[in-house]
Amino acid sequence: MKLKLKMAVAAAAIGMTTLAFSQVTFYENENFRGRTFASSKQVNNFERSGFSNRASSVIVTNGRWQVCDDIRFNGRCVVLREGVYDSLKGMGMNDRISSARPVRDNRNYDNAMPEPTVVPVYEYRRRPDERVFNAPITAVRAVMGPPTERCWLEQERGVNASGDRNVGGAVIGAVLGGILGHQVGGGAGKDLATAGGAVAGGVIGSNMGRNTGAVPDRQVRRCETTASTTPAYWDVDYNFRGTAHSVQMTKQPGTTISVNNKGEPRD
């Protein structure tokens, strides 16, 4: 009996230890940006922390957490496993969380358990209670995206091609025509027939092998390449406490950049 009691106490202690190390961080904006609110214990009402209906992304560092859209774990709830959730829109909890509490891993819940986002944690996210400073930006270079290619089809009209005259055929035709004409009539008539046969044979021979058909219309593909005018990212140089730093940013910076006490960018 005492052994069973000790085992029960030990199991309860393990469960309480798991809950004690559970931690969750809520972010005001998607992709772990904006103001943060972190907790390692249950929060019955986010209103007291000024974070009610504000969370848009979450990182569960340890354990599992039940989050609800009403105070004291009422209303619609979901259970979040350890991992990162870059957006709460897909689970219908964006700007709606009002209470949260750690839950034991070995307990079954009727609440939905959405899958964590399969992406690394945002590198420049601000950590809970991390102090940030404004470092002056010294240089900004916009790096343009790749050029774009635009292609289209043009209708090219066909032409009536008469082709080149066959010179060799004209000579042979003239000779044959002259021979045939020479065999017709006599005297002056024979001379005229010879000349006429030569002319007619030359005309016929020159047209031999000549293409007199029409070329049909056809579609021709044409393309042009245009340089991009949209930056893909910005190379940014800044100075913090006398040390030069560089970073790539996906949005155009202002005159300063937020950094931690090590000079690392923070969003």
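Strand β7 (residues 99–103) is mostly covered, with four of its five residues buried. Buried here means under 20% relative accessible area, exposed means over 50%, and partly exposed is in between (1.4 Å probe, protein chains only). Strands are DSSP runs of E, at least two residues long, numbered from the N terminus.

Before going on, a word on the model: it is predicted, so local features need pLDDT of at least 70 and side-chain atom pairs count only at pLDDT 80 or more, while totals for chains, interfaces and linings use all residues. Residues are numbered from 1 along each chain as its sequence is written, and side-chain values use heavy atoms, with hydrogens and water left out.

Back to β7. Strand β4 (residues 64–68) pairs with β7 in the antiparallel sense over five bridges; two strands pair if DSSP finds at least two bridges between them. Val67 has Ala100 in β7 as its bridge partner. Gln66 also sits in β4 and counts as buried at 5% relative accessibility. The Gln66 side chain makes a polar contact with the side chain of Arg101, at 2.7 Å. For a polar contact, a pair of N or O atoms must lie within 3.5 Å; within protein, one must be able to donate a hydrogen and the other to accept it, and residues adjacent in sequence count only if both atoms are side-chain atoms.

Next, the open sheet. Four strands run in the order β2-β1-β3-β6, with antiparallel pairing. At the edges are β2 (33–39) and β6 (83–85), each pairing on one side only. Inside the sheet, β1 (residues 23–29) and β3 (residues 57–62) pair in the antiparallel sense over five bridges, and Thr25 stands opposite Ile59 in β3.

Now the cysteines. The structure holds two disulfides, a disulfide being a pair of cysteine sulfur atoms within 2.5 Å. Counting bonded cysteines along the chain, the pattern is 1-2, 3-4.

| Disulfide | S to S distance |
|---|---|
| Cys68 to Cys77 | 2.0 Å |
| Cys151 to Cys223 | 2.0 Å |

The link of Cys68 and Cys77 is right-handed, with 110° about the S-S bond. Cys68 is buried at 0% relative accessible area, and Cys77 counts as buried at 10%.

For Cys151 and Cys223, the torsion about the S-S bond is about 110°, so that disulfide is right-handed. This pair links distant parts of the chain, 72 residues apart: Cys151 is in strand β9 (residues 148–156) and Cys223 in strand β10 (residues 218–226). Cys151 counts as partly exposed at 30% relative accessibility, and Cys223 as partly exposed at 35%.
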